[in-house]
Structure formats: structure tokens, C-alpha cells
Amino acid sequence: MDSIPRQTKHVALWIAIAAVLSTCIIVAIIAIPTAFKQLTHTRSFRLASDSMQPTLYSGDVITVDTGYYSEHSVSDGDIVVFRHGGVVLAKRVTAVGGETIEGKDGKIIRNGVVLVEPYLKSTDDALDPSEANFSTRKIPKGQIFVTGDWRARSLDSRYPDYAPVHLSDVIGKVIYIYGSSHPGQVGRKF
């Protein structure tokens, strides 16, 4: 009679081991592709411009998810990295295809509504009238309008040479700051 309880204990132990191993295998099947995708769809860039201050500083090392827009649409407010004339730039998306955008008295108006932009660099730098004012434009499908957070120091879609940005030139979405010499920047997520 002693052998039945011992066999029952062994069977129960093997069932428990099998359950734990099965759970580990299922977790690995789910986690490994996700981790691999995250590792293979990220690139780092070092910024060489102050145009995105105070959000991003010159010298900051940013991590960009290059696969993000294969599963998501570009949205207003995203910070994107894109190619322009052989240079890689980082800017904030201010309007997407189908939206209208206008600059008036230093404010940006999207679809008739003045944007509230708490992320802008607040300085005494006076904006040139060409930076502060531009006529209403409808952004074509497949393109985006981008601006820097430090408008007085940003060459962006307000200027004909930079407007608009084709989605095919977008490298990816900025997801966090990997390195910085500015306090509080490292680890910031977007």
C-alpha cells in the first residue's frame, strides 16, 4: 500500500514539472519574437541640432523604432526621424495627410484650431515673420508637416525646402533618450 502513494507523488511531481515547462515554452514562444522584433527594429541616432529643445538636446542619443509605422499610422505630436537631402533630422509631427495647417502670429493652426504646445522652447528670440506666418496649406496624403520645438532655431516644414515630408522618408518614431549630458533626459520615453 505504501507504493501507491509514492507513485502518486511521483506522478504529481512529473505533472507539475510538465506544467511549468509548458508554461515556460509558451512564454518563450510569445516573448522571444517580441524581444527580437524590438531589437531588430531599433536604431540609435545622435542629435546635432538644438531645434527640438527643450524636448531633445544637441548631443542626445535617441532610440528610434524603425518598425513602428509598419503597424501604426503617423500621428500628430509624434517625434519622427526622417531623411532630408542626405541628412537625418528629428522633428515633431504637426499635421498629417488630409489636415490643414497655417501659421499666424507665431501660433500654429491645425484644421482651424490653434494648437496648445506646452513643449515649445520659451525664449525671447523673436520669430522672423516668415517663421511666424504662413498661409493655409492642405497636407497631401502620404505626407506630413513637421516642426521643431524651438521654432526660432528650426528649419522645418514652414519653409518650402522642407515641406512637406514624404512618409517614405520617415525612418521611425523616437521612443526614448538613451544618452544625454543634460540632467533628467536619459530614459525619457515618448
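Tutor: What follows treats the cavity, then a pocket, and then the rings.

The model is predicted, so local features need pLDDT of at least 70 and side-chain atom pairs count only at pLDDT 80 or more, while totals for chains, interfaces and linings use all residues. Residues are numbered from 1 along each chain as its sequence is written, and side-chain values use heavy atoms, with hydrogens and water left out.

A search of the whole structure finds one cavity of 30 Å³ or more; on a 1 Å grid over the protein atoms alone, a cavity is a set of points where a 1.4 Å probe fits but cannot get out, a pocket is an open set with protein on both sides within 12 Å along at least five of seven lines, and lining residues have an atom within 4 Å of a point. The largest cavity holds about 40 Å³ of space, a volume being the space filled by probe spheres set on grid points that are joined across faces, edges and corners. Ten residues line this largest cavity, and G106, I108, E131, R151 and R158 are the closest to its centre. Strand 6 (107-110) and helix 2 (129-132) each supply at least two residues of that lining, where helices (H or I, at least four residues) and strands (E, at least two) are DSSP runs numbered from the N terminus. By residue class, the lining of the largest cavity has four nonpolar, two polar and four charged members.

The second largest pocket has a volume of about 190 Å³. Its lining comprises 13 residues, with L47, A48, V88, L89 and A90 the closest to the centre. Strand 1 (42-46) and strand 4 (87-96) are the elements that give two or more residues to this lining, and strand 4 provides the largest share, four residues. Nine nonpolar, two polar and two charged residues make up the lining of the second largest pocket.

Turning to the rings, there are two aromatic pairs, counted where centres of Phe, Tyr or Trp rings (the six-membered ring for Trp) lie within 6.5 Å, with planes under 30 degrees apart called stacked, over 60 edge-to-face and the rest tilted. Y68 and Y69 form an edge-to-face pair, because their ring centres are 5.1 Å apart and their planes stand at 85 degrees. Y68 is partly exposed at 23% relative accessible area, whereas Y69, at 19%, counts as buried (buried means under 20%, exposed over 50%, partly exposed in between, with a 1.4 Å probe and protein chains only).

Finally, the charged end of R92 sits over the ring of Y119, 3.6 Å from its centre, and that of K121 sits over the ring of W150, 4.7 Å from its centre; this requires NZ of Lys or CZ of Arg within 6 Å of the ring centre and within 35 degrees of the ring normal.

How values were computed: Nonpolar A, V, L, I, M, F, W, Y, C, P; charged D, E, K, R; others polar.
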